[in-house]
Amino acid sequence: MEANETKKPGVLVTGGCGRIGSYFARKAADRYAIRVVDRFAWNTDLLGPLPGESLVADLRDLDACRRACQGMEMVVHLAADPDPEADFYGSLLENNILATYNMFQAAKEARCRRFIFASSVHAVASYPRDVQVRADMPVRPTSMYGVSKCFGEALAAHYAINEGLPSIAIRIGAYRFPEEIASILPDEIDAYLHPDDFNQLVFQCLERTEVTFAIAHAISDNRYKRVDLSETRQIFGYQPEADAFEIEGIPKKMN
């Protein structure tokens, strides 16, 4: 490495072979030294060239989490069972509760500088449809999947406030590429999240080092918004660009 070349910070992306993690890893490789960890190896035929290092590990094993965090400065924890109908004992307890705890604990032990936890709008989606949810409102999960995300948010607060690991919980909306937007249910369109908007927010969460703990709302700049973005804009400078209603070609109401 040349004397004037700055070493890239090491970022561990759990669930890095999934659709959200792999897209983020490819886009983030110019900024960070990426290490992806998943239960399966990076598949170049499906995902393209590997943007960094790939590890195969089971995050239900604390020692495996410790090995994954070794030498990393920051963690983006995306690994989880994303199914809102997932069974608690059959999947959520191990994949969303135990594995999340293991990753926080391993990151703390490795003295990582920052931890980004992938929460979900399901943590607050039981509010009535005519209520726009703010980040400071009490959680109201829709299912045990949502409960598992509330647990992760509480872990983020604990490790940030009590354990010296600055942590951000990002409540992810209906993540879709524009060509997939037709698959969004009518009651999810106001929670649409474009992948590029998500990546922008994660970059901001990683780089706003003055923030010790926060809950960030990750939806795009939709005409109607299920969750409020004002605090996320203020704290992180988040500037989403996509609008699901424009992508869908839904005309604005005339006065």
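1. Helices (H or I, at least four residues) and strands (E, at least two) are DSSP runs, numbered from the N terminus. This is a predicted model: local features need pLDDT of at least 70, and side-chain atom pairs count only at pLDDT 80 or more, while totals for chains, interfaces and linings use all residues. Residue numbers start from 1 along each chain as its sequence is written, and side-chain values use heavy atoms, without hydrogens or water.

2. Look at Arg 111. This residue lies in the loop between α4 (88–109) and β5 (114–120). Its phi is positive, about 60°, although Arg 111 is not a glycine. Arg 111 is exposed, at a relative accessible area of 75%. Exposed means over 50%, buried under 20%, and partly exposed in between (1.4 Å probe, protein chains only).

3. Now the helix pair. α4 and α5 (residues 144–162) pack at an angle of about 15°, and their axes are 10 Å apart. That makes α4 roughly parallel to α5, a label for angles under 35 degrees. Axes are lines fitted to C-alpha atoms, for helices over the stretch in contact, and angles run from 0 to 180 degrees between N-to-C directions.

4. Who makes the contact (heavy atoms within 4.5 Å)? On α4 the residues include Phe 88, Leu 92, Ile 97 and Phe 104; on α5 they include Met 144, Phe 151, Leu 155 and Tyr 159.

5. Finally, the strands. β6 (residues 167–172) pairs with β9 in the parallel sense over six bridges; pairing takes at least two DSSP bridges. Arg 171 stands opposite His 217 of β9. Five of the six residues of β9 (residues 213–218) are buried, so this strand is largely enclosed by the rest of the structure.

Technical notes. Parallel < 35°, antiparallel > 145°, perpendicular 65-115°, else oblique. Contact = heavy atoms within 4.5 Å.
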